[in-house]
Every structure is written in C-alpha cells, then in structure tokens.
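Student: Could we go through a structure together? I would like to begin with how its contacts are counted.

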Amino acid sequence: MFKGSLGGKRCTILLDTGASFSLVSAEWLQENFSSADLAEDSHELAQPIRLATANGQVLSVHKAFRKLVQIQQA
C-alpha cells in the first residue's frame, strides 16, 4: 500500500501485480468527484461483473469510468 492520487485526488493505493483490473469504491468516487463529472464520464455495463474478494464478500461492477470502475456490494 502507498499514498498516491487518482484523477488528481489523494488516495491510498493497494498495488496487486496479479490483478486483472483495478477497482475504486463508489463511496470514494462520490466523495472526490461531483455528480456531473461522474455522469459525464460514466456508462452502464451491459452485464454487471460479479467479483469475489479474498474474505468471501461478493461485489458487483455496474459502471465504467475512463478505466475506473464503480463497485457496490452485491
């Protein structure tokens, strides 16, 4: 883990070199970007992507943002 920025906003980053893609929490996006910014740059995925985390929690990916994704608990 290290401190960095995403879209010019400070954040803590967990680097996983074995991951297929990166995720960002919906809460962090909403705290750091305006609704207008998010609406302008987002699109709904045709099919939500379901992911299981190491602790067994299941997440659903519903929206894509310029290579960022919004996650919600399933």
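Tutor: Contact here means that heavy atoms lie within 4.5 Å. Please keep in mind that this is a predicted model.

Student: What share of the contacts with a separation of 6 or more comes from residues 24 or more positions apart?

Tutor: In the protein chain, such residues account for 28% of those contacts.

Student: And which helices and strands are there, in what pattern along the sequence?

Tutor: The protein chain has two helices and six strands. Along the sequence the pattern reads β-β-β-α-α-β-β-β.

Student: Where does Ser42 belong?

Tutor: Ser42 is in strand 4, which covers residues 42-52.

Student: What does Ser42 touch beyond its neighbours within four places in sequence?

Tutor: Ser42 is in contact with Lys63, Ala64 and Phe65. The C-alpha atoms of Ser42 and Phe65 are 4.7 Å apart, although 23 residues separate the two along the chain.

Student: Why does Ser42 count as partly exposed?

Tutor: Its relative accessibility is 23%, so Ser42 counts as partly exposed. Buried would require under 20%.

Student: Changing topic, how many aromatic pairs are there?

Tutor: The count is one aromatic pair. The ring centres of Trp28 and Phe33 are 5.8 Å apart and the planes meet at 65 degrees, so this pair is edge-to-face.

Student: Are Trp28 and Phe33 buried or exposed?

Tutor: Both Trp28 and Phe33 are buried.

Student: What sits over the ring of Phe33?

Tutor: The charged end of Lys9 does, 5.7 Å from the ring centre.

Student: Finally, what percentage of the residues is buried?

Tutor: Of the 74 residues in the protein chain, 24% count as buried.

Definitions and conventions. Residues are numbered from 1 along each chain as its sequence is written. This is a predicted model: local features need pLDDT of at least 70, side-chain atom pairs count only at pLDDT 80 or more; totals for chains, interfaces and linings use all residues. Side-chain values use heavy atoms; hydrogens and water are left out. Rings of Phe, Tyr and Trp (its six-membered ring) pair if their centres lie within 6.5 Å; planes under 30 degrees apart count as stacked, over 60 as edge-to-face and the rest as tilted. Buried means under 20% relative accessible area, exposed over 50%, partly exposed in between (1.4 Å probe, protein chains only). A charge sits over a ring if NZ of Lys or CZ of Arg is within 6 Å of the ring centre and within 35 degrees of the ring normal. Helices (H or I, at least four residues) and strands (E, at least two) are DSSP runs, numbered from the N terminus.
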